[in-house]
Amino acid sequence: MSIKLLLDQNLRVETVEFLRKLGLDVTSTRDLGLSRATDGEIAAVAVAQDRILLTFNHGFGDIR
C-alpha cells in the first residue's frame with residue numbers, strides 16, 4: 001500500500017514537486033482544478049481518491 005497525498009492550495013508548489021521527487025503519489029487541489037472548491041468538496045475528493053489531505057486550513061479540523 002502506498003501513501004497517496006492531496007495537498008491543499010495553501011501549500012507551496014515546490015512542496016508538491018519535492019514530495020514527487022521522493023517518489024510519493026502526490027496531487028494538489030491546483031492540479032485537479034479545485035482552487036475555488038469548498039472545504040467539503042476538497043475533503044470529498046480526498047476520500048474518493050483515498051488520499052491523505054495536507055492543509056494549513058484550520059477549518060478542516062471540524063468538518064463533519
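Modeller: Buried means under 20% relative accessible area, exposed means over 50%, and partly exposed is in between. One caution before the rest: this is a predicted model.

Colleague: What does the side chain of Arg12 meet in a salt bridge?

Modeller: The side chain of Glu14, with an N to O distance of 3.3 Å. Glu14 counts as partly exposed because its relative accessibility is 44%.

Colleague: How many salt bridges does the structure hold?

Modeller: Three. Another one joins the side chains of Asp31 and Arg20, at 2.5 Å from N to O. Asp31 lies in the loop between β2 and α2, while Arg20 belongs to helix α1 (residues 13-21), so this pair ties together parts that are eleven residues apart in sequence.

Colleague: Change of topic. What is the strand order in the sheet?

Modeller: The order is β2-β1-β3, in an open sheet of three strands with parallel pairing. β2 and β3 are the edge strands, each pairing on one side only. From one strand to the next the twist averages 25°.

Colleague: How many bridges are there between β1 and β2?

Modeller: Four, in the parallel sense, with β1 covering residues 4-7. Within that pairing, Lys4 stands opposite Asp25 in β2, and this is the Asp25 that meets Arg51 in a salt bridge.

Colleague: Where does α1 lie relative to the strands?

Modeller: Across β1 and β2, running at about 165° to β2.

Colleague: Let's stay on β2. What does the side chain of Thr27 make a polar contact with?

Modeller: With the side chain of Asp31, at 3.4 Å. Thr27 lies in strand β2 and counts as buried because its relative accessibility is 9%. Leaving out residues up to four places away in sequence, Thr27 touches Leu5, Leu6, Leu7, Arg20, Leu32, Gln49 and Arg51. That list includes Arg20, the salt-bridge partner of Asp31, and Arg51, the salt-bridge partner of Asp25.

Colleague: And Ser28, buried or exposed?

Modeller: Buried, because its relative accessibility is 3%. Ser28 is also found in strand β2, which spans residues 25-28. The side chain of Ser28 reaches the backbone nitrogen of Asp31 at 3.0 Å. So far, then, Asp31 has come up with the side chains of Arg20, Thr27 and Ser28.

Colleague: What is Ser28 in contact with, leaving aside neighbours within four places in sequence?

Modeller: Leu6, Leu7 and Val16. As for Val13, its C-alpha is 8.5 Å from that of Ser28, and the two residues are 15 apart in sequence.

Colleague: Now the packing. Which residues are in the largest nonpolar core?

Modeller: Leu6, Leu34, Ala37, Ile42, Ala43, Ala46 and Phe60, seven residues in total. Helix α2 (residues 39-48) gives the most, with three. There is also a second, separate core of six residues that includes Leu5, Leu11, Leu19 and Val26.

Colleague: What does Phe60 touch, not counting residues up to four places away in sequence?

Modeller: Asp8, Asp39, Ile42, Ala43, Leu53 and Thr55. Of these, Ile42 and Ala43 are listed in the largest core along with Phe60.

Colleague: Last one, backbone. What is phi of Asp50?

Modeller: Near 55°, a positive value in a residue other than glycine. Most residues other than glycine have a negative phi. Asp50 is in the loop between α2 and β3, and it is exposed, with a relative accessible area of 59%.

Notes. Residues numbered from 1 in each chain as written. Predicted model: local features only at pLDDT ≥ 70, side-chain atom pairs only at ≥ 80, totals over all residues. Heavy atoms only, no water. Helix = DSSP H or I, 4+ residues; strand = E, 2+ residues; numbered from the N terminus. Buried < 20%, exposed > 50% of the residue type's maximum accessible area, 1.4 Å probe, protein only. Contact = heavy atoms within 4.5 Å. Polar contact = N/O pair within 3.5 Å; in protein donor to acceptor, adjacent residues only side chain to side chain. Core = buried A, V, L, I, M, F, W, Y, C linked by side-chain atoms within 4.5 Å. Salt bridge = Lys/Arg side-chain N within 4 Å of Asp/Glu carboxyl O. Pairing = 2+ DSSP bridges. Axes fitted to C-alpha atoms, helices over the stretch in contact; angles between N-to-C directions.
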